[in-house]
Amino acid sequence: MINQSKRKAIGAFAMTFAALTMTTPVTAADTIKVGVLHSLSGTMAISETTLKDTMLMLIDQQNEKGGVLGKELEAVVVDPASDWPLFAEKARELIEKEKVSAIFGAWTSVSRKSVLPVIEELNSLLFYPVQYEGEESSKNVFYTGASPNQQAIPAVEYLMNEVGAVRWVLAGTDYVYPRTTNKILEAYLLDKGVPQEDIMINYTPFGHSDWQSIVAEIKQFGSTGKKTAVVSTVNGDANVPFYKELANQGVSAEDIPVVAFSVGEEELSGFDTSPLVGHLAAWNYFMSVESDENDEFIDAWQSFIGSEERVTNDPMEAHYIGFNMWVKAVEKAGTTDTNAVEAAMIGVSVPNLSGGYSSMLPNHHITKPVLIGEIQDDGQFDIVWETSGLVAGDAWSDFLPESKNLISDWRAPMACGNYNVTTGACSGQTL
Amino acid sequence: MVLVLSLLSVTAVASEDNELIQTLAPELLSKSKPKRLMAIDEIAASSAPRKALWLQAMIDGDLYQLKKTDEIVLATRQGNTYSLTKASDGTGLDSVKKRALRKIKIDNAMRSYLRSLIGTLALQSDDTEERFQAVYSLLGKVDSDAVEPIRKLKSQEKSERVHEAMGLLISIHDLENGTAEQQADAFEFVSGRLDNDVLNSLRRLSETSADKQVVAQAVMLLDEAESRKRWYTYIETLFFGVSLGSVLVVAAIGLAITFGVMGVINMAHGELIMLGAYTTYFIQQLMPSAIDYSLILAVPAAFIVSGSVGVLIERTVIRHLYGRKLETLLATFGISLLLQQAVRTFISPQNVAVINPSWMTGSWVVNPALSLTLNRLVIIAFCLFVFAVLLFVLTRTRFGLQTRAVAQNRQMARAMGIRSARVDAMTFGLGSGVAGIAGVALSQLGNVGPNLGQSYIIDSFIVVVFGGVGSLWGTLVAGMSLGIGNKLLEPWAGAVLAKILLLVFIILFIQKRPSGLFPQRGRAVES
């Protein structure tokens, strides 16, 4: 009991703190409310606090431009405290009590999965900004982060074709995102003719800190003279000790490159990156992208947060895209009514930060470029490769037997998130 | 007159050569990798005096083009700006922001190629270490054209180390590409060696060579090497186990005092470790130019910080709850959340960067098949040191005697004139201070952030309970056996299952022997 009430007290404390830092003037009448559902305490605060601040900045900027539909936007910030059931509770509070028009939030897949039934039941909108494992498409969710074919598959293609890797270590944290992604990657590699004995799969617990044996094993696996690469879906905190161990055991990126899907500028700002130079990451945005939009975004962010040290990262860009899409869709629909906005969203196209345009697809995923960057000693990435055009997000992977026949299209008349093209049936939620 | 003229022309040529980097700018910045590689080759083949500098700058990521003037510059980062010198002649330029620069980017393949180019240049360096590194950077990468000059260099080489390394380099080449005689020499040279490049060469040879005798010889050497390598793998696993064990012991030993000796279920133990780690961070911020010594200063500082917080917690909260274990558990859990959120709010929810001093990075290479990482070695030594000091304090000093007396029978101790309240505060302070010291050590291994404590608290309790509450020796033995057990299981069970198996083992063990490996005996325990 004490535990619960303490947590709540701390949550409330964090919320008031967040409210204090909010610059949006709170006027009750005639505003459009936007919910921000990111953990400000608990384990995920490390990543999600930044996204809350990003949303506040974007809402501020929009208000300076005159708001939406002539009304001012008002951010409603809640703190789900890295507690998955609390995500559902807070989402309900945002929709039922605060009457928000849309929610921007969630980070981990499990938090999204816990919000999903609430948002579908109450028919609201969620913008989810993080790369994820795919295999999902809800009428009420817009996925602005990468699906596996917008991050994992291109990264493996790069390693295969440009780096010449023939042996593969798939290392990940033991939960749904790495398991699903590795299943897709393994199927993909086997499909490309990589023999089973050249694929090593390894899972570690959350926050794993002792990487000695695993790194030794990877070193051994990569010592056969054939080019070996590590595809890492290791989550957040466990990455630092992993990379430190690689460096200490003398595994350099030139021998065995590690490509990571969860390591960005924000994660790297936690430590000295000089031993990591050359290891790779695949994202749809890097802070080092050269474009005017990006320069403007970085300047705005650093002045909003009041520090020139702060970095930008891929999920922030996803919110930037998602928020601008929502604004455009609301203006197109002329209302904030969920069904009207949902219909207006499809086909909306807004500038992304890498100098192009991203548009919303009928499956509620977006088009993005895929970039491969190498870590530099200043904690930034040098982009060494990019896809020639935009890659369309695929909700259902073509490489998994159970989902290769599924497609998602939320436009009438199909209006289905998991339509099976062979049986011609829709097995889930419809309009 | 003639002399002066020729001298002049030499300098003219040299400065012209130095303009090469400028003329190659479009190629170096081109999107096409082959073009960039060609430009690099051209630089390496040129006679420009500054070419080694350029190639090194490229590896280091310090070569840029100034957007405004298209000049190629060498840039060093200083805070948010970059200070510049012209690549062609080294003249200083005004500092600029990063956005004013266009980077000459390289990738892993190019970096490795550049390293071998620099290696070739450094083969003739006057510095022995540089020559040695140069030879190693070329292992397995030289072709028949490149190997001939190295043979010549080898015959002139005076340093034994470099001579040996050159022999290895040449042998690896000769194994596959040498004449029959050279191959025989190479076989002799590499016999008994465990270098990866050698083994790969032998492996290729055993698969591709048409000469049966060569294949047989290669296979024999390979088998021999493999069986020796297996031994080293066992030693390595043992090392991993001991090092994991010492991490567990370091993290748990403070708890062995607060929980073990005093019986306080201190859920804030992890946060006291975290405070120690943050202290390390702040000490490093205070002395950025002397990172190598920062840890030595951080140890006493962390002891004082965490120790004082510990005394404060004891005086304000725990003191009122002695004998009420459940309430203590809840109260200290509350304190732990409070400390975590305080760090999040007042410092940052992000992890902070704690730098490894140079004497803790890299590894001690025993032989090509076995190298022990330095940070782990230091932590093993540190763990044993802390253990020895604590054992001394608790068993050989007056304070230790009083602590044990109060722990065993408070009433009797008070009757003997021991100020039990003071001893409680001091003991809790000692345990907390040791947790702080653990934080200094752990900051060198993983993340330093608000969640640091959370990842060690459960393990710490397991170690103390498994070892036997109240026994320092128990903590040491328990930590080490859990570490070694974990590392023995990990290779075949995987990290997740290994942890589960160990937990199952501990559950069974505690069923059988509820008071751990080294149970406390005496009246206090029975009561």
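Two strands count as paired if DSSP finds at least two bridges between them, and strands are DSSP runs of E, at least two residues long, just as helices are H or I runs of at least four, numbered from the N terminus. This is a predicted model, where local features need pLDDT of at least 70, side-chain atom pairs count only at pLDDT 80 or more, and totals for chains, interfaces and linings use all residues. Residues are numbered from 1 along each chain as its sequence is written, with chains lettered from A and ligands numbered from 1 in the order in which they are written.

Q: What is the bridge partner of Arg77(B) in β3(B)?
A: β2 (residues 72–78) and β3 (residues 81–86) of chain B run antiparallel, joined by six bridges. Their hairpin has two residues between the strands, with Gly79(B) in the turn at a positive phi of about 65 degrees. Arg77(B) has as its bridge partner Tyr82(B).

Q: Which element gives the largest share of the side of chain A that touches chain B?
A: Here 51 residues of chain A are in contact (C-beta atoms, placed from the backbone, within 7 Å) with 50 of chain B. Elements giving two or more residues to chain A's side include α2 (45–64) and β7 (199–204). The largest share, six residues, comes from α1(A).

Note on methods: Contact = placed C-beta atoms within 7 Å.
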